[in-house]
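Subject: Model handover and notes

Hi,

Here is the model I promised to pass on to you. Could you open it next to this email and read along?

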Amino acid sequence: MSEKVVLHYFNGRGKMESVRWLLAAAGVQFEEVFLTKREEYEKLLNDGALMFQQVPLVEIDRMQLVQSKAILNYIAGKYSLYGKDLKERAMIDMYSEGIGDLMDLVIMYPFTPPENKQKHLSNIEQKAKDRILPVFEKGLANSQFLVGNQLSRADIHLLEVTLMLQELLPTILASFPKIQAFQEKMKALPTIGKFLQLGSARKPPPDEAYVKTVKEVLSHLFK
Ligand SMILES: N[C@@H](CCC(=O)N[C@@H](CS)C(=O)NCC(=O)O)C(=O)O
């Protein structure tokens, strides 16, 4: 019997979202505990659950995992989304880190003050078009998956980030036909299709309520 997996995070699309994508793609059920009040964050601190005083936190296999990259690595390894050998894994890591750089910019966008939003968005667009997306257009030139001949976390992260980009910049994929075709193939995978269904577990784009909760709970960061 598989043990339960519990995710602790803010109820919105922050760093935990990529973890949720991987679990969903692997068909793993999980429970969620949302942080809504400062006291809940303090309780996790007092319980010694947060090694670096930060969420996200994932309880899995009798461990309390923090640091989103460590969490993603563990889940990818456990559910066979991490290539067949060390070389494939290195490739998957490079792709995932490149995607992560872009993802971090997108995650920070809702927290950008209104006067800086346009500049931030232009930065996202430029990084995506000139630096990140061309790498994946090339990587998908002759194969269905980015690494080897099987699904890996890199594919799942790429679908996630390209869908996020399109919400902010609807025509961003116009000159990347291979990525567009890749998106369609990925969406046709049963577990991913299910995750993307309306009313499914996928989080909507961050709204003001989410930003307000994060700022209230982590008030020490937003003085
Ligand atoms: N490197 C960490 C960063 C996590 C992080 O920045 N968490 C924020 C919330 S999204 C936090 O808990 N900050 C509290 C603090 O830094 O005091 C990761 O990837 O998990």
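Before the sheet, a word on terms: two strands are said to pair if DSSP finds at least two bridges between them. Helices (H or I, at least four residues) and strands (E, at least two) are DSSP runs, numbered from the N terminus. Please keep in mind that this is a predicted model, in which local features need pLDDT of at least 70 and side-chain atom pairs count only at pLDDT 80 or more, while totals for chains, interfaces and linings use all residues. Residues are numbered from 1 along each chain as its sequence is written.

The model has an open sheet of 4 strands in the order 2-1-3-4, with mixed pairing. Its edge strands are strand 2 (31-34) and strand 4, each of which pairs on one side only. From one strand to the next, the twist averages 20° (axes are lines fitted to C-alpha atoms, for helices over the stretch in contact, and angles run from 0 to 180 degrees between N-to-C directions).

Strand 1 (residues 6-9) pairs with strand 2 in the parallel sense over 4 bridges, and with strand 3 in the antiparallel sense over 3 bridges. You can follow this residue by residue. H8 stands opposite V33 in strand 2 and opposite L57 in strand 3. L7 has E32 as its bridge partner in strand 2 and stands opposite V58 in strand 3. V58 in turn has L65 as its bridge partner in strand 4. Strand 3 and strand 4 run antiparallel and are joined by 4 bridges. Their hairpin has 2 residues between the strands, and D61 takes a positive phi near 50° there.

**Helix 3**

Which residues of helix 3 are buried? In this helix (residues 68-78) they are S68, I71, L72, I75 and A76. Seen down the helix axis, these buried residues fall within an arc of 125°, so they line one face of helix 3. The arc is that of the directions from the helix axis to the C-beta atoms. As a reminder, an α-helix has 3.6 residues a turn, so residues three or four places apart point the same way. For burial, the rule is that a residue is buried if 20 or more other C-beta atoms lie within 10 Å of its own, exposed if 12 or fewer, and partly exposed in between, with C-beta atoms placed from the backbone.

The cover over the buried residues of helix 3 includes helix 1 (16-25), strand 3 (57-60), strand 4 (63-66) and helix 6 (153-168). Here and below, two residues are in contact if their C-beta atoms, placed from the backbone, lie within 7 Å.

**Backbone spots to check**

Most residues other than glycine have a negative phi, and most peptide bonds are trans. These places depart from that:

- V55 and P56 are joined by a cis peptide bond, with omega about 10°. P56 lies in the loop between helix 2 (38-46) and strand 3.
- Q53, in the loop between helix 2 and strand 3, has a positive phi of about 60° although it is not a glycine. Q53 is exposed, with 11 other C-beta atoms within 10 Å.
- S80 follows helix 3 and has a positive phi, near 55°. S80 sits in the loop between helix 3 and helix 4 (86-108), and counts as exposed with 12 C-beta neighbours inside 10 Å.

**K203**

K203 is in the loop between helix 8 (190-196) and helix 9 (208-217). K203 counts as partly exposed because it has 17 C-beta neighbours inside 10 Å. Leaving aside neighbours within four places in sequence, K203 is in contact with G12, R13 and E17. The C-alpha atoms of K203 and L7 are separated by 14 Å, with the two residues 196 apart along the chain.

Over residues 3-83 the chain is 37% helix and 20% strand, with the end C-alpha atoms 24 Å apart. Over residues 85-207 the chain is 65% helix and 0% strand, with the end C-alpha atoms 40 Å apart.

Happy browsing, and thanks for taking this on!
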